[in-house]
Amino acid sequence: MLGPVNVVLPDGLFVPDIAVLDAAATADDPVACDAEAVLLVVEIVSPSSSGRRTDRLLKPPYYAEAGIEHLWRLELEPVPALIVSELENGRYVERAVAEAGRTTLIEKPFPVEVDPGALVRQGRWRPTRWGRRAWTPALRWPCA
């Protein structure tokens with residue numbers, strides 16, 4: 001498992017929350033890869049209003065333009081849900097919604113059973129630079 005990976009898109013570099021890559025793509029450069037090597041991107045929707053807008057509306061068209069076939073979006077509020085989307089005719093089409101408390105089999109890009117509620121455990125409030133407090137969920141992602 002690698003750390004954050006820069007995905008090279010036509011309009012610049014993006015760093016998805018989670019990226020599943022072709023293993024050969026990281027052999028030469030474990031920090032950056034071309035979009036063609038990306039099998040799946042996962043965005044974990046930020047609780048801030050600007051983060052929600054970025055994760056839901058701004059990033060998907062860039063991923064679609066780059067031809068990334070699969071996009072999953074993990075919504076944390078009001079309860080965890082995983083929205084599974086697949087690229088079709090240049091845009092993402094929702095294929096499944098995995099809900100907390102129920103295991104859902106997702107077939108593509110690889111078979112995996114997931115319960116979004118099991119991915120998220122109780123988080124914590126943390127101070128920010130500006131003296132406010134922000135909610136930080138603790139995530140557990142099943143890895144093979």
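1. Rings of Phe, Tyr and Trp (its six-membered ring) pair if their centres lie within 6.5 Å; planes under 30 degrees apart count as stacked, over 60 as edge-to-face and the rest as tilted. Phe14, Tyr62 and Tyr63 form one aromatic cluster.

2. The model is predicted, with local features needing pLDDT of at least 70 and side-chain atom pairs pLDDT 80 or more, while totals for chains, interfaces and linings use all residues. Residues are numbered from 1 along each chain as its sequence is written, and side-chain values use heavy atoms, leaving out hydrogens and water.

3. There are three aromatic pairs in the structure. In one of them, the ring centres of Phe14 and Tyr62 are 5.1 Å apart with planes at 40°, so the pair is tilted. Phe14 lies in strand S2 and Tyr62 in helix H2 (residues 49–65), 48 residues apart. Helices (H or I, at least four residues) and strands (E, at least two) are DSSP runs, numbered from the N terminus.

4. Phe14 counts as buried at 14% relative accessibility, and Tyr62 as partly exposed at 33%. Buried means under 20% relative accessible area, exposed over 50%, partly exposed in between (1.4 Å probe, protein chains only).

5. Strand S2 belongs to an open, mixed sheet of three strands in the order S2-S1-S4. S2 (12–14) and S4 (32–34) each have a single partner strand, so one side of each is left without a neighbour in the sheet. Two strands pair if DSSP finds at least two bridges between them. S1 (residues 6–9) and S2 run antiparallel, joined by three bridges; Leu9 stands opposite Gly12 in S2.
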